Amino acid sequence: MCLIRAARRLSAGGALAVVMAACQPGGDGPAAALDEATIAARSAHLIAPRPGLYRTTTRLVAFDLPHAARADTAALRHRVARLSPQVRQLCLAPAQARAGFAALARSLGGDNCRFERFDAGRTRLHARLACSGGAGARQAIEMRGRAGAERSRLLVNIEQRNRAIPGGVQRLQLQIDNRRLGACPPGRAAAGNAVPDNPFINGT
């Protein structure tokens with residue numbers, strides 16, 4: 001289970017409307033959206049991950065409800081912290097590997113997001129997305145990281161604004177480490193991995 005999805009389930013009465021990872025997110029930001037051609041050109045600089053079996057470790061680095069009551073913040077921070085770290089093994093299929101780390105950033109946001117920034121070198125990535133959801137929900141996602149053919153480390157900052165969140169604002173920081181363990185077990189890759197999104201995000 002994704003760390004963010006689990007945080008949603010832990011909230012009392014569903015008060016914490018966390019909307020990431022399949023995201024019905026929402027972002028702040030008047031910055032102009034980047035077009036597909038620009039994103040494609042910049043992502044071409046990034047190294048592509050090798051297909052295979054990966055171990056993904058997600059750690060909660062920081063969590064804050066800046067405008068909520070102190071007791072609510074402390075209680076929810078404790079509950080969310082108990083979910084970290086999360087470790088999962090997943091296969092990265094050849095098609096997913098060819099899509100590379102640009103698809104990773106896109107899958108983090110979902111369909112209701114736009115790229116405001118996407119900068120990449122051969123082994124580095126800095127992306128920012130602004131997202132919108134129902135009932136005025138907004139989310140801003142920024143990710144920075146180092147990527148290699150067999151391992152990567154990403155630091156993801158998320159700010160969510162939603163009337164259902166105590167105090168209206170929630171901020172999280174996650175560290176996501178991916179490491180290739182070897183080839184996928186026989187039959188697992190052939191099944192298409194049964195993973196709808198890029199495992200680097202879904203594996204959280």
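Me: What should I know about the model and the numbering before we start?

Reply: This is a predicted model, where local features need pLDDT of at least 70 and side-chain atom pairs count only at pLDDT 80 or more, while totals for chains, interfaces and linings use all residues. Residues are numbered from 1 along each chain as its sequence is written, and side-chain values use heavy atoms, with hydrogens and water left out.

Me: OK, how many disulfides are there in the whole structure?

Reply: The search finds 2, a disulfide being a pair of cysteine sulfur atoms within 2.5 Å.

Me: How far apart are the sulfur atoms of Cys-91 and Cys-184?

Reply: They are 2.4 Å apart. Cys-91 sits in strand S2 (residues 86-92) and Cys-184 in the loop between strand S7 (169-182) and helix H5 (199-202), so the bond ties together parts 93 residues apart in sequence. Helices (H or I, at least four residues) and strands (E, at least two) are DSSP runs, numbered from the N terminus.

Me: Is Cys-184 buried or exposed?

Reply: Cys-184 counts as buried, at 18% relative accessibility. Buried means under 20% relative accessible area, exposed over 50% and partly exposed in between, with a 1.4 Å probe and protein chains only. Cys-91 is buried too, at 2%.

Me: And which residue does Cys-113 pair with?

Reply: Cys-131, with an S to S distance of 2.0 Å. The torsion about that S-S bond is about 105°, so the disulfide is right-handed. Cys-113 is in strand S3 (residues 113-120) and Cys-131 in strand S4 (residues 124-132), so parts 18 residues apart in sequence are tied together.

Me: What pattern do the disulfides follow?

Reply: 1-4, 2-3, counting bonded cysteines along the chain.

Me: Switching to aromatics. How many pairs are there?

Reply: The structure holds 1. The ring centres of Phe-115 and Phe-118 are 5.4 Å apart and the planes are at 90°, so the pair is edge-to-face. Rings of Phe, Tyr and Trp (its six-membered ring) pair if their centres lie within 6.5 Å; planes under 30 degrees apart count as stacked, over 60 as edge-to-face and the rest as tilted. Phe-115 is buried at 5% relative accessible area, and Phe-118 is buried at 0%.

Me: Last one: where is Phe-101?

Reply: In helix H4 (residues 94-109), and Phe-101 is buried at 2%.

Me: What is Phe-101 in contact with, beyond four places in sequence?

Reply: The contacts (heavy atoms within 4.5 Å) include Leu-46, Pro-49, Leu-125 and Ala-147. Ala-147 is 46 residues from Phe-101 in sequence and 8.1 Å away in space, C-alpha to C-alpha.
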